[in-house]
Amino acid sequence: WPEIKQFDAERQIMVERVGFLLQKIGVHVQSMQCRLVIVLAPDAARLQAFYKSLTDTLQDSLPDYHFEWGWTHRALSEKLKALEIPFIEPQYPPDDLESMFVPLDGHTSGKAFGLIAAQIVEQLVYSRR
């Protein structure tokens with residue numbers, strides 16, 4: 001699990017492999033005269049109340065492991081910056097956070113997809129100028 005610090009060697013391998021794939025995808029998309037924009041959507045693990053309680057329980061159950069919640073998101077955003085691949089990191093309104101995820105599921109909700117779609121359009125329209 002990439003959020004566990006003790007798996008750092010495996011995490012670094014994952015970052016390099018994902019970076020390799022993203023670079024190849026970027027080249028392919030550019031060769032087709034298209035634009036690539038990656039969406040790094042927020043993870044329910046530390047935001048949605050239900051999943052936060054589950055991850056707290058997991059962490060308490062495995063005291064020998066040090067969890068770095070959000071590590072995967074940070075590693076991916078750093079790799080995207082290094083590869084100069086544009087990406088969007090949607091921010092969900094704190095007062096409406098629960099509705100951004102499917103209840104008791106953790107997947108992105110339709111409401112959040114609407115917010116993400118608006119940000120993609122904004123990125124594509126305003127970054128062309």
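Rings of Phe, Tyr and Trp (for Trp, the six-membered ring) are taken as a pair if their centres lie within 6.5 Å; planes under 30 degrees apart count as stacked, over 60 as edge-to-face, and the rest as tilted. By that criterion, the structure before you holds four aromatic pairs. The model is a predicted one, in which local features need pLDDT of at least 70 and side-chain atom pairs count only at pLDDT 80 or more, while totals for chains, interfaces and linings use all residues. Residues are numbered from 1 along each chain as its sequence is written, and side-chain values use heavy atoms, with hydrogens and water left out.

Phe 7 and Tyr 65 form a tilted pair, at 5.8 Å centre to centre and with 50 degrees between the planes. This pair links distant parts of the chain, 58 residues apart: Phe 7 belongs to the segment before H1, and Tyr 65 to the loop between helix H2 (49-61) and helix H3 (71-83). Helices here are DSSP runs of H or I with at least four residues, and strands are runs of E with at least two, numbered from the N terminus. Phe 7 is partly exposed at a relative accessible area of 27%, and Tyr 65 is partly exposed at 34%. For these labels, buried means under 20% relative accessible area, exposed means over 50%, and partly exposed lies in between (1.4 Å probe, protein chains only).

The rings of Phe 67 and Trp 69 are stacked, because their centres are 4.9 Å apart and their planes are at 10 degrees. Phe 67 is buried at 6% relative accessibility, and Trp 69 is buried at 17%.

I turn now to the charged side chains. A salt bridge requires a side-chain nitrogen of Lys or Arg within 4 Å of a carboxyl oxygen of Asp or Glu, and the structure holds six of them. Which residue does Arg 11 form a salt bridge with? The partner is Asp 8, with the closest N and O atoms 3.4 Å apart. Arg 11 is buried, at a relative accessible area of 3%, whereas Asp 8 is partly exposed, at 29%. Together with Glu 68, these two residues are linked in a network of salt bridges. The charged end of Arg 11 also sits over the ring of Trp 71, 4.1 Å from its centre; the criterion is CZ of Arg or NZ of Lys within 6 Å of the ring centre and within 35 degrees of the ring normal.

In helix H2, Asp 56 and Lys 52 lie four residues apart, about one turn of the helix. Their salt bridge has its closest N and O atoms 3.3 Å apart. Asp 96 and Lys 111 meet in a further salt bridge, at 2.5 Å from N to O. Asp 96 is in the loop between S2 and H4 and Lys 111 is in helix H4, so the pair ties together parts that are 15 residues apart in sequence.

Thr 108 lies in the loop between strand S2 (87-88) and helix H4 (110-126). Is Thr 108 buried or exposed? At 18% relative accessibility, Thr 108 counts as buried. Leaving aside neighbours within four places in sequence, its contacts (heavy atoms within 4.5 Å) include Ala 41, Tyr 92 and Phe 113.
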